[in-house]
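Trainee: Please take one part of this model and go through it closely. I would like the cut-offs stated along the way.

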Amino acid sequence: MRQATIKAPGGLENLAIGEAPEPAAPGPGEIRVRVRASSLNYHDYRVCLLPGALADGRIPMADGAGEVEAAGPGVREFAVGDAVVSCFFPEWQEGDERPVDFSTVPGDGRDGFARERVTLPAAWFTHAPKGWSHEEAATITTAGLTAWRALVVDGGLKAGDTIAVLGTGGVAIYALQLARAMGARVIATSSSDAKLERLRAMGAEHAINYRTTPEWGEEIRRLTGGRGVDLVVEVGGPGTLAQSIVAGRPGAHLALIGVLTGRSGEIPTALLMARQQRLQGLIVGSRAHQKDFVKALEATGVRPVIDRSFPLDQLAEAFRHEESGAHFGKICVTI
Ligand SMILES: NC(=O)c1ccc[n+]([C@@H]2O[C@H](COP(=O)([O-])OP(=O)(O)OC[C@H]3O[C@@H](n4cnc5c(N)ncnc54)[C@H](OP(=O)(O)O)[C@@H]3O)[C@@H](O)[C@H]2O)c1
C-alpha cells in the first residue's frame with residue numbers, strides 16, 4: 001500500500017511517498033480501515049516542518065476517514081462497509097482526564113493517516129455523519145471537533161449569543177457555521193476583502209479586515225453597541241489576544257485555540273480581570289465529544305467548507321497551499 005512519511009531532517013521537501021506492507025488482519029477489538037481521506041491542519045504542517053523532532057519515517061496526518069474493511073472478534077460498534085472517522089486523542093475516550101501532550105496523537109507522537117490502510121482499535125474511531133464524503137468526514141477529527149468544543153462543550157453557546165471568529169481557516173469557518181446553525185450571531189475577521197465577502201455570504205453579520213483595522217476589538221465593541229461579544233474563537237494567540245479581550249463582553253468566554261501569531265507574548269491581564277472574562281485553552285476533545293458532534297452535524301445539516309483537495313502524492317503541495325494562506329476553510333487529501 002502507499003503511504004507518506006517524513007524523512008529526517010524534516011521539512012516539506014522531505015515528505016516522501018512510498019510503498020509499505022499491508023497492515024495485519026484485525027485482532028480482537030480492532031478494525032481494518034481503508035483510509036480514503038485526510039485533512040490538513042496547522043498542527044500537521046508544524047509536525048512536518050519540525051527539524052529532527054520526530055522519528056525518521058513518521059507517517060503524518062492526524063485526521064483520517066474511510067470505510068471499515070474488516071472487523072476483529074468482539075467489535076460490535078462497527079460493521080464492514082461503515083464510514084468512520086478517526087479521533088485526535090484515541091485514548092481520551094470520555095471524562096475529564098485530558099491528555100497534556102501530543103504523544104498519543106496520530107501523525108505526531110504515533111503514526112497518522114497518510115496511508116491507504118490501518119488496523120487499529122475500533123475505539124479510536126467514531127461513525128462519520130450519514131451521507132458525508134470521506135473528505136468531509138476527515139475534517140471532523142481536528143478542526144471540526146475543536147470548534148464544537150470551543151463553542152458548545154466549554155463555551156456553553158446558546159441561541160442569541162454573539163461570537164467572534166478570527167480569520168478564515170478550518171477552525172474559524174467551522175465555528176461560524178456551527179454558531180449560525182445554532183442561532184447565534186457571528187462577527188468575523190480576515191486579512192482579505194474577497195474573503196470578507198464570502199464570510200458575509202455565509203451569514204457573518206459583520207466582517208472586519210484585521211489588517212486595515214488593527215484595533216478590530218474596538219470595532220467589534222462598537223458594532224455590538226459597546227457591549228462586546230459573548231465568546232471569541234481565539235486562533236491567533238499572542239498577536240490577537242489583546243484585541244480579543246477588548247472585543248469580549250464582561251464575563252465573555254475566550255477559547256484559546258491557536259498560536260498562529262507566535263507561541264508567547266504579553267497579555268493585558270488587568271483588562272482580562274476587570275472584564276471578568278474566562279480564558280480557556282483547549283486541545284480538540286474526547287471521543288465522547290466527537291460522538292456528540294457527529295449527532296449535531298447530522299441534526300443541523302452543517303457541512304464543512306472544502307477549499308481544495310489534493311491527492312496523497314501531492315501532500316507537500318497541499319501544505320504549500322495552506323502555507324500561502326490563500327485557502328478558505330479546509331484543505332483535504334484524497335488517499
Ligand atoms: N487547540 C486545538 O485543539 C487546535 C485545533 C485546531 C487548530 N488549532 C490551531 O488553531 C490555529 C488555526 O488552525 P487552522 O487549522 O484553522 O489553520 P488554517 O486553516 O491554516 O487557518 C489559517 C488562517 O488563519 C488566519 N490568520 C492568520 N493570522 C491571523 C491573525 N493574525 N488574525 C486573524 N486570523 C489570522 C488566516 O485567515 P485570513 O486568510 O482570512 O486572514 C489564515 O488563512 C492554528 O494555530 C492551529 O494550530 C488548535
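Mentor: A disulfide here means a pair of cysteine sulfur atoms within 2.5 Å, and a search of the whole structure finds zero of them. Cys332 is in no disulfide either; its nearest cysteine sulfur belongs to Cys48, 16 Å away. Cys87 has 2% relative accessibility and counts as buried, and Cys332, with a relative accessible area of 0%, is buried too. Buried means under 20% relative accessible area, exposed over 50%, and partly exposed in between, with a 1.4 Å probe and protein chains only.

The model is predicted, so local features need pLDDT of at least 70 and side-chain atom pairs count only at pLDDT 80 or more, while totals for chains, interfaces and linings use all residues. Residues are numbered from 1 along each chain as its sequence is written, and side-chain values use heavy atoms, leaving out hydrogens and water.

Now to strand β4. It covers residues 65-71, and five of its seven residues are buried. Strands are DSSP runs of E with at least two residues, and helices are runs of H or I with at least four, numbered from the N terminus. Two strands pair if DSSP finds at least two bridges between them. β4 pairs in the antiparallel sense with strand β3 (residues 30-39) over six bridges, and Ala70 in β4 is the bridge partner of Arg32. With strand β5 (residues 83-86), β4 pairs over three bridges, again in the antiparallel sense; there Ala65 stands opposite Val85.

Glu67 lies in β4. Its contacts, meaning heavy atoms within 4.5 Å, include Arg32, Arg34, Asp82 and His134, not counting residues up to four places away in sequence. With the side chain of His134, the side chain of Glu67 makes a polar contact at 3.1 Å. A polar contact is a pair of N or O atoms within 3.5 Å; within protein, one must be able to donate a hydrogen and the other to accept it, and residues adjacent in sequence count only if both atoms are side-chain atoms.

A polar side-chain atom of Thr168 lies 2.6 Å from a ligand oxygen atom, and for Ser190 the value is 2.6 Å.
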